[in-house]
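Reader: I have a model open on my screen and would like to learn how to read it. Could you take me through a few of its features?

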Amino acid sequence: MNESVPTGDAPKGAYVFRLYLADGAPNSVRALANLYAICRRHFPDSHHIEIIDVLKDPLRALEEGILVTPTVVKVSPEPELQIIGNLSDEDEVLRALGLPQREMA
Amino acid sequence: MSVPKRGDVLHKLASGIEGFDDITMGGLPEGRTTLLMGGPGCGKTVLALQILVNGALHLGAPGIFVAFEENARRVSANGETFGWNMDELEKKEIYFVDACIRPGVVRSGAFDVTGLLAGLEAKARAIGAKTIVFDAIDVLLSMLDDPAAECRELYRIHEWLARQQLTGIFTTKVEDNHPSTAQRYGFMPFMADCAVLLSQRVTDRVAVRTIRVVKYRGSPHALNEVPFVIGPAGVEVGSSNGVHPESQPFDERISTGVERVDDMIGGGLYRGTNILITGSSGAGKSMLAGKFIEASCRRGERALFVSFDENSRDITRDLATISINLAPHLGSGLLRMEAIRSEAASSEEHFMRVKRLIAEQEPRCIAVDPISALSRVGGGLAARAVAERLIYLCRNAGITLLFTSLLEGVDPHLETTTLHISTIADSWMQISYALLHGERNRALSIIKSRGSKHSTQLRELIFGDTGISVADPYTAGGEVLMGTLRMEKENAVHSESRRPVSAGTNHEEGGK
């Protein structure tokens, strides 16, 4: 279900995320929804999400050191950042991304 | 669920570690989950890796090692130090997953191990894995930071293993070497089909490792704690006792080195048996041990002399004063002498060392002097088990063993060897002091000699410049004559029967 365009095509300065999920698992489904919501709200025109379904490509996650699902990796801008969980704690995600949190926004 | 269906037979996966397979009565439950618990530095990781390596090497069962705490490369490198060819094994049979949590990972909301299991499933299928180790599973669980989630994920793994028919090995830390203190993950032993507790204690300043099977669903197992060591070839577990290996009987008799002693036990020691020599300090146990070793070398048989707490040079010098010359045999390599400081390690480690020496020297005769030194550290029980194993080891290998033990008491019938090992000795010879008529003489008696008739009489043991001898028995008024009284009697007898002979000739008899 890698439905989005390859990472390389993302516009310069865009937020690029790679989401490892187990398609159909409750936490994974929620993570996908939460990540889309966060991206639409905070960088509506400059984000790109690559989705890797570990059930379809199980060895890739293993080789890339992904242990738990869902895991989202912020590929750019650098530095790379790993966030695990269904992203239900949006403030935690924003803090990790160095963005102002919702109350203040 | 992994609840076995009626009619399911529990198959076991041999660990390839002798003592471990003994206490688990065959190894780990195949296709089930085993939990290895212990404090830090207890040897959980080594044991788990060794089971994986042995499975790959000997059972044709490849495996996966998931390292949650230690860097996988380091785990593999540790394996190399035990002589396991990890590079070769990693090509096909063993796959390492570096599952250390990266620093700086941010957590937001709930997650699960579905992804990891999907990856492992694919890998397991690819290499045909039969066994999978989750090393430091507690680290993974602590990431979840929610007791309900921890329990749920653990059961997820547990059920996944059962579905995949993989044999799972979890290692986890427990505090104070006690499973019940692992409150946080207290449910783990309940989930596992087999739970094993490793611990490390310090007794008399010496670290002693022990292992105990806490539970084993559907199988009997040894209940007791058993000592183990991490030696140069990995984990070695002491046997749970109870097993008395049968050895092939030898009809051949070999000399103790003292002809008169051979006579007293019916013509010498049976090859492959053992003899215990007890006596108080200075009684001459080491002298008899030296004589036995010299006799072995004179027959051209390789020998090993293990001495606790006395260095080899002192022993050879002392033996030389009674004409026991070991130097040439040491020079030729026929004899190897090894002096070991008893306090330097636990009795278990001493055993391992002696075992290695045996493998290197391939002796036909061994003297261990004194075996009672083993009990000086780590407690008498462990030492007794070690002494027993040494005896069985020699018996199985057809090696004739002479071992000495310090006897604290004076009455040989109240056996006070610190290890109480006389019951498993084939022959038992006691050197005591006879205080009689103002003299203190050494008296030798055979307390037991399995399979032979033996002299029941007390004999005088004499160490002279020219060797060791045992005097003829002379009795008077129900007492065995010794020392001056015996010599007077001897002289009287000799002057009666033949022309007078010079005093002391008899003393040299056995030493020739």
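Predicted model: local features only at pLDDT ≥ 70, side-chain atom pairs only at ≥ 80, totals over all residues.

Reader: Let me begin with one residue: which residue in S6(B) is the bridge partner of A:Ile84?

Author: The partner of A:Ile84 in S6(B) is B:Arg107. To read such a pairing, look at the two strands and their direction. Here strand S4 of chain A, residues 81-84, is joined to S6(B) by two bridges, and the strands run parallel.

Reader: How many residues does each chain bring to the contact between A and B?

Author: Read a contact from each side in turn. Chain A gives 28 residues and chain B gives 21 residues. On the chain B side, at least two residues each come from strand S5 (94-98), strand S6 (106-107) and helix H5 (114-127). H5(B) supplies the largest share, eight residues.

Reader: Now a strand inside chain B. Is S16(B) mostly covered or mostly open?

Author: Check burial residue by residue, then face by face. S16(B), residues 303-308, is mostly covered, with six of its six residues buried. On one side sit B:Ala303, B:Phe305 and B:Ser307, and on the other B:Leu304, B:Val306 and B:Phe308; both faces are covered.

Reader: Which strands pair with S16(B)?

Author: Follow the bridges again. S17(B), residues 335-340, is joined to S16(B) by six bridges and runs parallel to it. In that pairing, B:Ser307 stands opposite B:Ala339. S18(B), residues 365-369, also pairs with S16(B) in the parallel sense, over five bridges. There, B:Ala303 has B:Cys365 as its bridge partner.

Reader: And what does chain B look like as a whole?

Author: Count its elements, then its burial and contacts. Chain B has 25 strands and 15 helices. Of its 512 residues, 48% are buried. Among contacts in chain B with a separation of 6 or more, 72% link residues 24 or more positions apart.

Definitions and conventions
Residues numbered from 1 in each chain as written. Chains lettered and ligands numbered in written order. Contact = placed C-beta atoms within 7 Å. Helix = DSSP H or I, 4+ residues; strand = E, 2+ residues; numbered from the N terminus. Pairing = 2+ DSSP bridges. Buried ≥ 20, exposed ≤ 12 C-beta atoms within 10 Å, placed from the backbone.
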